[in-house]
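Me: I have a new structure open and want to talk it through. Can you help me read it?

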Amino acid sequence: MTVSATRTGVVHLVERAPQLAGAEMVAALVPPPQFADATFDTYRADPAYPSQQEAKDLLQAFSGASAPAKGGLFRRAKRPELKPGVYLDGGFGVGKTHLLASVYHAMPARRKYFGSFIEYTALVGALGYKNTVDLLKGADLLCIDEFELDDPGDTMVMTRLIGELVPTGTKLAATSNTPPNALGEGRFAAQDFLREIHAMSDSFQTIRIDGVDFRQRALDGHAVVSDDDSYARAIDEGAGHGNASDDSFADVIRHLARVHPSRYLRIIAELDLVGLRDVQVLTDQSEALRFVAFVDRVYDAQIPIVATGVSLDQVFAEEMLNGGYRKKYLRAVSRLNALTHADRSVA
């Protein structure tokens with residue numbers, strides 16, 4: 001069914017079961033709302049980490065947005081030959097997605113696509129591999145955010161896909177997560193990325209970005225937890241000006257198992273506030289990974305979260321944080337912190 005809602009009021013995520021056709025999935029391959037207007041000019045490189053400005057300069061050259069500057073990264077008289085693909089290597093929260101979206105917006109291309117890894121694999125699942133190749137072949141640019149290195153099957157599908165697109169002239173720009181049990185808590189996965197994509201590794205130039213997670217710079221390190229009264233007030237205020245969802249955490253977790261992750265964006269369509277009652281620690285890996293995918297969509301849409309129960313920065317069990325998907329969980333915690341601190345006023 002198609003998701004619909006009144007302009008204002010309380011809605012329930014568990015009552016939304018959206019369907020998504022292949023054509024709609026393709027049309028949705030654009031930067032998320034948070035980065036709809038992202039440009040190189042709006043990317044603020046931290047002077048404490050020179051690699052951020054260097055990455056920005058190189059990506060501008062890659063996208064054709066500017067000529068190489070004199071001195072700095074391009075001191076040599078002859079401009080270095082750029083490969084058809086660039087890979088942004090760095091920790092979470094250092095602006096990789098902003099730069100990726102900037103490449104998308106800056107590159108003068110007739111056909112270009114921007115999506116998360118899961119969106120591309122969902123497209124393959126919905127349309128079939130051959131139909132997806134036929135659809136994307138001839139594209140000028142493919143941006144892949146959070147290239148998954150912890151699912152061998154999906155990694156192989158994406159590697160095959162980009163292997164068929166590069167010879168036709170498609171340029172690639174990608175970021176990635178960290179593979180299972182990698183050191184550094186999600187930082188600098190370049191060698192793992194290049195190893196996993198095998199034959200395609202020669203098509204990518206690695207761009208390393210150092211920095212501090214910007215989502216944590218102004219936070220106290222913990223997600224905001226509401227009591228029952230403040231939660232009710234927040235939902236009432238949100239519903240008075242827009243759409244606020246109100247569901248128990250357990251019900252949402254069960255519902256996510258019944259909806260394909262590619263449709264999570266439709267679950268939160270037209271929402272201005274997400275309410276989660278009685279948050280509990282997740283101990284099931286499948287439930288936790290689905291919740292991570294859901295958090296990614298909420299974060300992309302920049303929808304504030306209000307929650308009761310366990311603090312959302314402690315929603316993943318300790319054994320999970322020490323396991324193979326550690327980086328995914330830490331990124332989700334970072335985003336949950338930011339969303340619970342976000343301004344809950346709605347237009």
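**Starting from one arginine**

Reply: Let's begin with Arg-331, which counts as buried because its relative accessibility is 2%. Keep in mind that this is a predicted model.

Me: Which helix holds Arg-331?

Reply: Arg-331 sits in helix H13.

Me: And what does the side chain of Arg-331 make a polar contact with?

Reply: The partner is the side chain of Glu-146, at 3.1 Å.

Me: Moving on. How many residues are in the largest nonpolar core?

Reply: That core has 40 residues. Those with the most contacts inside it are Leu-276, Phe-291, Ile-305, Leu-312, Val-315 and Phe-316.

Me: Which elements give two or more residues to this core?

Reply: The helices are H9 (249-256), H10 (264-267), H11 (285-300), H12 (318-321) and H13 (326-341). Strands S8 (273-279) and S9 (305-309) are on the list too. H11 gives the largest share, eight residues.

Me: What does Leu-276 touch, not counting residues up to four places away in sequence?

Reply: Leu-276 touches Tyr-231, Asp-247, Phe-249, Val-252, Phe-291, Ile-305, Val-306, Ala-307 and Thr-308, with that exclusion applied. Another core, of 28 residues, lies apart from the largest one. Among its residues are Tyr-120, Leu-136, Leu-165 and Ala-174.

Me: Back to H11. How many residues does H11 have, and how far does it reach?

Reply: H11 has 16 residues. From first C-alpha to last, H11 reaches 23 Å, close to the 22 Å expected at 1.5 Å a residue.

Me: Which residues in H11 are buried?

Reply: Ala-288 is buried, and so is the run Phe-291, Val-292, Ala-293, Phe-294, Val-295, Asp-296, Arg-297, Val-298, Tyr-299 and Asp-300.

Me: What about the two ends of that helix?

Reply: At the start of H11, a side-chain oxygen of Asp-284 comes to within 3.1 Å of the backbone nitrogen of Ser-286. Gln-302 follows H11, and its phi is positive, near 55°.

Me: Switching to rings. How many aromatic pairs does the structure hold?

Reply: Seven. One of them joins Tyr-104 and Phe-114, edge-to-face, at 6.2 Å centre to centre with 85° between the planes.

Me: Why does that pair tie together parts that are ten residues apart in sequence?

Reply: Because Tyr-104 lies in helix H3 and Phe-114 in strand S3 (residues 112-116). Both Tyr-104 and Phe-114 are buried.

Me: Phe-117 and Phe-147: buried or exposed?

Reply: Phe-117 counts as buried at 2% relative accessibility. Phe-147 counts as buried at 0%.

Me: Which residues do ring pairs link into a cluster?

Reply: Phe-249, Tyr-264, Phe-291, Phe-294, Phe-316 and Tyr-329.

Me: New topic: Thr-97. Where is its place?

Reply: Thr-97 is in helix H3 (residues 96-106). Thr-97 counts as buried, because its relative accessibility is 13%.

Me: What is Thr-97 in contact with, leaving aside neighbours within four places in sequence?

Reply: Phe-35, Phe-114 and Asp-145. The side chains of Thr-97 and Asp-145 make a polar contact, at 2.9 Å.

Me: Now a loop residue. Where does Leu-271 lie?

Reply: Leu-271 lies in the loop between H10 and S8. Leu-271 is buried, with a relative accessible area of 7%. Its C-alpha is separated by 5.0 Å from that of Asn-243, 28 residues apart along the chain.

Me: Last one, Gly-22. Which helix is Gly-22 found in?

Reply: Helix H1 (residues 22-27). Gly-22 is buried, with a relative accessible area of 13%. Leaving out residues up to four places away in sequence, Gly-22 touches Leu-123 and Leu-127. The C-alpha atoms of Gly-22 and Leu-127 are separated by 6.3 Å, though the two are 105 residues apart along the chain.

Methods:
Residues are numbered from 1 along each chain as its sequence is written. This is a predicted model: local features need pLDDT of at least 70, side-chain atom pairs count only at pLDDT 80 or more; totals for chains, interfaces and linings use all residues. Side-chain values use heavy atoms; hydrogens and water are left out. A nonpolar core is a set of buried Ala, Val, Leu, Ile, Met, Phe, Trp, Tyr and Cys residues joined through side-chain atoms within 4.5 Å. Buried means under 20% relative accessible area, exposed over 50%, partly exposed in between (1.4 Å probe, protein chains only). Helices (H or I, at least four residues) and strands (E, at least two) are DSSP runs, numbered from the N terminus. Contact means heavy atoms within 4.5 Å. The expected span of a helix is 1.5 Å times one less than its number of residues. A polar contact is a pair of N or O atoms within 3.5 Å; within protein, one must be able to donate a hydrogen and the other to accept it, and residues adjacent in sequence count only if both atoms are side-chain atoms. Rings of Phe, Tyr and Trp (its six-membered ring) pair if their centres lie within 6.5 Å; planes under 30 degrees apart count as stacked, over 60 as edge-to-face and the rest as tilted.
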